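Biologist: Before we discuss this chain, could you put its sequence and model on the screen, so that we can go through the open spaces and the strands in turn?

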Amino acid sequence: MLEVRCIRRIGLTDTDGPYGVDIDQSGRIAVTGRKSYTVEVFDHHGNTQVKFGEKGEDLGKFNFPCEVAMVAEQRLLVTDPYNDRVQSFSTESGSFLGLFGDSQNEFLHPRGITVDESGRVLVAYASQCCIYDNQGQFISGLDTNNDQLRGVCAKGGKVYTTDRDSNHVKISDYSGKILKVFGEYGQGNGQFDRPRSVRVTDNGEILVADCRNNRVQRFDSNGNFIDVLVSDASEEDLDSPTALSLTANEDMVVANYGSNKLLVFEM
């Protein structure tokens, strides 16, 4: 079993209900607040650099900000599902930069968002997963067979998505060909109850935030269960983990919704 230890705890005083998290190459961490309708950006020490957002339908406001992705040119993208849009902001100032995508009404309840190694942006919304360049121009879409998508990750030419209702993880290639589906509802090893975020390490291991089971599970590249990395039975008492991200040296950052903090684990 891989030994992990918590090396940093970032308490969130201004952000309420951490729901999405991402990290850029410099180590800055962006987190969305579901209950506070905000986005907060921290340096790698956990000091706040910028915080922005409020509830509303106007541009730059949110109605349940969900996932966040750090992209090129000092920008970050935020899925805003109940306003049916993805918004772009300055990482430095928090200023609203524009809507992401080809049209005003392009997205239906967008949730997951990620950036692949080539800088392409993948957005998971409703039962679709679509690929864009980093300026928001549509490239292609993937057939997800009516999955209710939540998390999305792309690495090594493969796309990984989590399904809220079917409680599984699906691995596809960029043409949409399904390579592997694993998981089912339950509390046992390899089972899920509302899987949210998914991330893939450099050696191909798959990490899944198993939200209602209060744990992060680890699988090999073929979806075979390896172990539980951290759970509510651990010292950190994980409570409703909603999002994961990996630093450049593959420390794992977990958005711990129930305790309203970010936990950083050395793996």
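Biologist: What volume does the largest pocket have?

Modeller: This is a predicted model, and the value is computed from its atoms. Rolling a probe the size of a water molecule over the atoms shows where empty space is left. For the largest pocket, the volume comes to about 730 Å³.

Biologist: Which strand supplies the largest share of the lining of the largest pocket?

Modeller: The largest pocket is lined by 28 residues, and D22, I23, Q25, V115 and L246 lie nearest its centre. At least two lining residues come from each of β2, β6 (68-71), β10 (110-115), β14 (149-155), β18 (195-200) and β22 (241-246). The largest share, 4 residues, is that of β6.

Biologist: How many residues of that lining are charged?

Modeller: Sorted by class, the lining of the largest pocket holds 13 nonpolar and 7 polar residues. The charged residues in this lining number 8.

Biologist: Turning to strand β3, why is it described as largely enclosed by the rest of the structure?

Modeller: I29, V31 and G33 point one way from β3, while A30 and T32 point the other way, and all are buried, where buried means under 20% relative accessible area. Strand β3 (residues 29-33) is therefore largely enclosed by the rest of the structure, the count of buried residues being 5 of the 5.

Biologist: Which residue of β3 does P18 stand opposite?

Modeller: Strand β2 (residues 18-23) pairs with β3 in the antiparallel sense, over 5 bridges. The hairpin of these two strands has 5 residues between them, and G27 takes a positive phi near 95° there. In β3, the residue that stands opposite P18 is G33.

Biologist: In the hairpin of β3 and β4, which residue takes a positive phi?

Modeller: Strand β4 (residues 38-42) runs antiparallel to β3 and is joined to it by 5 bridges, with T32 standing opposite V39 in β4. The hairpin of β3 and β4 has 4 residues between the strands, and the residue with a positive phi, near 60°, is Y37.

Biologist: Which residues does the UniProt annotation "repeat: NHL" cover?

Modeller: Over residues 51-92 the chain is 0% helix and 43% strand, with the end C-alpha atoms 10 Å apart. Over residues 179-222 it is 0% helix and 45% strand, and the end C-alpha atoms are 9 Å apart. According to the unreviewed UniProt entry, the annotation covers residues 51-92 and 179-222.

Technical notes. Residues numbered from 1 in each chain as written. Predicted model: local features only at pLDDT ≥ 70, side-chain atom pairs only at ≥ 80, totals over all residues. Heavy atoms only, no water. Buried < 20%, exposed > 50% of the residue type's maximum accessible area, 1.4 Å probe, protein only. Pairing = 2+ DSSP bridges. 1 Å grid on protein atoms, 1.4 Å probe; cavity = no way out; pocket = protein on both sides within 12 Å on 5 of 7 lines; lining within 4 Å. Points joined across faces, edges and corners; volume = space filled by probe spheres on them. Nonpolar A, V, L, I, M, F, W, Y, C, P; charged D, E, K, R; others polar. UniProt positions renumbered as here; feature names shortened; annotations may be inferred.
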